[in-house]
Amino acid sequence: MDDLAKRIAAGDRRALARAVTLVESTRADHRGQATALLEKLRGTGRQALRIGLSGTPGVGKSTFIEAFGMKLTEAGLKVAVLAVDPSSARSGGSILGDKTRMERLSRAPGAFIRPSPSSAALGGVARRTREAVALCEAAGFDVVLIETVGVGQSETMVAQMCDLFVLLLAPAGGDELQGVKRGIMEMADLILINKADGDLKATATRTVADYAGALRLLRKRPQDPEDFPKALAVSAVEGGGLDTAWDEMQALAAWRKDQTWWDRARAAQAAHWFREEVQNGLLARLHEDADIRSMMGALADEVAAGAQTPDAAAAAVLDKLR
Ligand code: GDP
């Protein structure tokens, strides 16, 4: 682990890839090694700008990440891309699994791309992603992009591990604006209307105005400067708006650092994940015990049949922990 930690801290991408594989493993001995490795690397104290990026399939996430990532690497920044795809657990596929995705970026010397693992539970994906982010930060990456598909739960999870949350949307008429859930709008720091090119350009401009209006109606968050959250038009294919988007992200990050929101948000996130880990760990411990497992199965049936209240049944299980 010492050697692996040294190589990661020196920015060795192969060592980083190995370490990500290690944190993805569910084997008990690997888990122990992963924990030890992360503990060793904690001391590097490096921080990347963590950007969450969400959008429905087809909106242009991979095209955007490729174009945006290339821009950043060409500017000398090191960029890591991680993916969270809850559907991959079911389908066995993954949003980054297709080798043709982000082909240029994957060859860029300053880039590291890692597809979503096909792990069963969202809790497992959350931990793996957080740990992969920590590894990328220790390896000296400047920007970590976390891509997720537009599915409520995974978006909330990704927002809980990012400094900035970006929502990618397609140009659309005013009616479709309603289709974006309010909760997701409220998480966004930046809404990018992609495909602002060719025939879609005029629609994109109107869509930006629609969302800018909708964002103004949201309750003001203390962690936002005056003019945030913002809506902007971009074209991942032609590159339009990408520089502006990056400028806005940097401006927001700088403001939050200056106003201490950055540190406060990271502290709150760490506390959140601590509680999450305790909850998941307790549940896992309950499931490890065969007697409790079968008791939980029987109680679940009773609750489903209306023979017990959920609270009473849960209390009976929790009594076993004493
Ligand atoms: P993802 O599923 O969100 O990752 O979307 P993709 O990046 O695979 O893009 C879906 C489709 O939209 C592809 O055919 C892209 O070529 C197209 N696309 C992506 N970005 C743009 C853009 O900026 N302009 C236009 N016109 N098409 C785009």
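This is a predicted model: local features need pLDDT of at least 70, side-chain atom pairs count only at pLDDT 80 or more; totals for chains, interfaces and linings use all residues.
Colleague: Where should I begin with the ligand, and how many residues surround it?

Modeller: A reader can begin with the shell, counting a residue if one of its heavy atoms lies within 4 Å of the molecule. In this structure 15 residues surround the ligand, and the closest are Gly58, Lys61, Thr63, Arg101 and Asp197. By residue class, the shell around the ligand divides into four nonpolar, seven polar and four charged residues.

Colleague: Which atom of the ligand is 2.7 Å from a polar backbone atom of glycine 58?

Modeller: For polar contacts one looks for pairs of N or O atoms within 3.5 Å. Here an oxygen atom of the ligand is 2.7 Å from a polar backbone atom of glycine 58, and a backbone N or O atom of glycine 60 lies 3.0 Å from an oxygen atom of the ligand. With aspartate 197 the side chain takes part, one of its polar atoms lying 2.7 Å from a nitrogen atom of the ligand. As for cover, the ligand on its own has 580 Å² of accessible area, of which the protein covers 68%.

Colleague: How many disulfides does a search of the whole structure find?

Modeller: A disulfide is a covalent bond between the sulfur atoms of two cysteines. The search of the whole structure finds zero disulfides. Cysteine 136 is in none, and the nearest cysteine sulfur, that of cysteine 162, is 12 Å away, whereas the cut-off for a pair of cysteine sulfur atoms is 2.5 Å.

Colleague: Are these two cysteines buried or exposed?

Modeller: Cysteine 136 is buried, with a relative accessible area of 0%, and cysteine 162 is buried as well, with a value of 6%.

How values were computed: Residues are numbered from 1 along each chain as its sequence is written. Side-chain values use heavy atoms; hydrogens and water are left out. A polar contact is a pair of N or O atoms within 3.5 Å; within protein, one must be able to donate a hydrogen and the other to accept it, and residues adjacent in sequence count only if both atoms are side-chain atoms. Accessible areas come from the Shrake-Rupley method with a 1.4 Å probe; for residues, only the protein chains shown count as cover. Ala, Val, Leu, Ile, Met, Phe, Trp, Tyr, Cys and Pro count as nonpolar, Asp, Glu, Lys and Arg as charged, and the others, Gly among them, as polar. Buried means under 20% relative accessible area, exposed over 50%, partly exposed in between (1.4 Å probe, protein chains only).
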